[in-house]
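The following note sets out, point by point, how the chain is put together. It is meant to be read with the structure in view.

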Amino acid sequence: MGTNYYVTVEPPCPTCGRGGEDAHVGKSSAGWRFLFASYRDRGIISASDWKEVIEVAGGFVHDEYGGKLSLEEFFDKVERKQDSEHPTNEDFGPGGREPYEYDDEEGYRISRTFDFS
Ligand SMILES: [Zn+2]
């Protein structure tokens with residue numbers, strides 16, 4: 001449940017429309033703070049890293065249903081969700097929250113795993 005957001009980091013071929021690459025920015029779930037993905041191998045480990053990536057990619061994200069949002073619209077949405085529930089250790093299995101996600105220095109939730117979509 002929820003809505004996944006993506007940024008096109010490499011556009012498809014303008015001639016044939018093939019190729020291209022989307023990066024998974026994260027997931028919006030009702031009642032929870034936005035959960036950002038992370039790409040440690042690319043140095044994307046915080047919401048501000050994502051801002052930079054989205055800017056470089058042209059300033060837009062899209063959701064899994066094809067909706068397009070500007071960087072500003074997207075972060076407005078994320079901001080509004082920052083008042084929502086924050087998961088506690090009890091919401092995860094034994095070992096708690098730590099193996100799955102953390103808060104970046106601005107308080108945004110960042111996932112450590114890729115299997116949360
Ligand atoms: Zn082509």
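1. Overall dimensions. A compact globule of 117 residues would have a radius of gyration near 13 Å, and the chain, at 15 Å, agrees with this. The model examined here is a predicted one. Along its principal axes, the C-alpha trace extends over about 50 × 30 × 25 Å. Of the 117 residues in the chain, 15% are buried. Among contacts between residues at least 6 apart in sequence, 49% join residues that are at least 24 apart.

2. Order of elements. Two helices and seven strands make up the secondary structure of the chain. Read from the N terminus, the elements follow the order β-β-β-α-β-β-α-β-β.

3. The sheet. In what order do the seven strands stand in the sheet? The sheet is open, with the order β5-β4-β1-β2-β3-β7-β6, and its pairing is mixed. The edges are held by β5 (68-70) and β6 (101-103); each has a single partner strand, so one side of each lacks a neighbour in the sheet. As background, the strands of a sheet pair through backbone hydrogen bonds, in either a parallel or an antiparallel manner.

4. Pairing of β1. Strands β1 and β2 run antiparallel and are joined by seven bridges. Two of the residue pairs may be located by the student: threonine 8 has aspartate 22 of β2 as its bridge partner, and valine 7 has alanine 23 of β2. Strand β1 also pairs with β4, again in the antiparallel sense, over two bridges. Here the bridge partner of tyrosine 6 is histidine 62, in β4.

5. Pairing of β2 with β3. Strand β2, residues 21-28, pairs with β3 in the antiparallel sense over two bridges. Glycine 26 has phenylalanine 36 of β3 as its bridge partner, while lysine 27 has leucine 35 of β3. The two strands form a hairpin with six residues between them, and glycine 31 in the turn has a positive phi of about 85°.

6. Histidine 24. This residue belongs to strand β2. Although histidine 24 and tyrosine 6 are 18 residues apart along the chain, their C-alpha atoms are separated by 4.6 Å.

7. The nonpolar core. The largest nonpolar core contains 14 residues, and Val25, Phe36, Trp50 and Val61 have the most contacts inside it. Two or more residues each come from β1 (3-10), β3 (35-36), α1 (47-56) and α2 (71-81). The greatest contribution is that of α1, with three residues. Valine 25 shows how separate parts of the sequence meet: leaving aside neighbours within four places in sequence, valine 25 is in contact with Tyr5, Tyr6, Val7, Phe36, Ala37, Trp50 and Val61.

8. Which residues of α1 are buried? They are Ala47, Trp50 and Ile54. Viewed down the axis of α1, the buried residues fall within an arc of 50°, so they line one face of the helix. In general, an α-helix has 3.6 residues a turn, so residues three or four places apart point the same way. Glu52, Glu55 and Val56 are exposed on the other side of α1. The cover over the buried residues of α1 includes β1, β2, β3, β4 and α2. Just after this helix, glycine 58 takes a positive phi of about 115°.

Definitions and conventions:
Residues numbered from 1 in each chain as written. Predicted model: local features only at pLDDT ≥ 70, side-chain atom pairs only at ≥ 80, totals over all residues. Core = buried A, V, L, I, M, F, W, Y, C linked by C-beta atoms within 7 Å. Buried ≥ 20, exposed ≤ 12 C-beta atoms within 10 Å, placed from the backbone. Helix = DSSP H or I, 4+ residues; strand = E, 2+ residues; numbered from the N terminus. Contact = placed C-beta atoms within 7 Å. Pairing = 2+ DSSP bridges. Rg over C-alpha atoms; globule rule 2.2 N^0.38 Å. Arc of directions from axis to C-beta.
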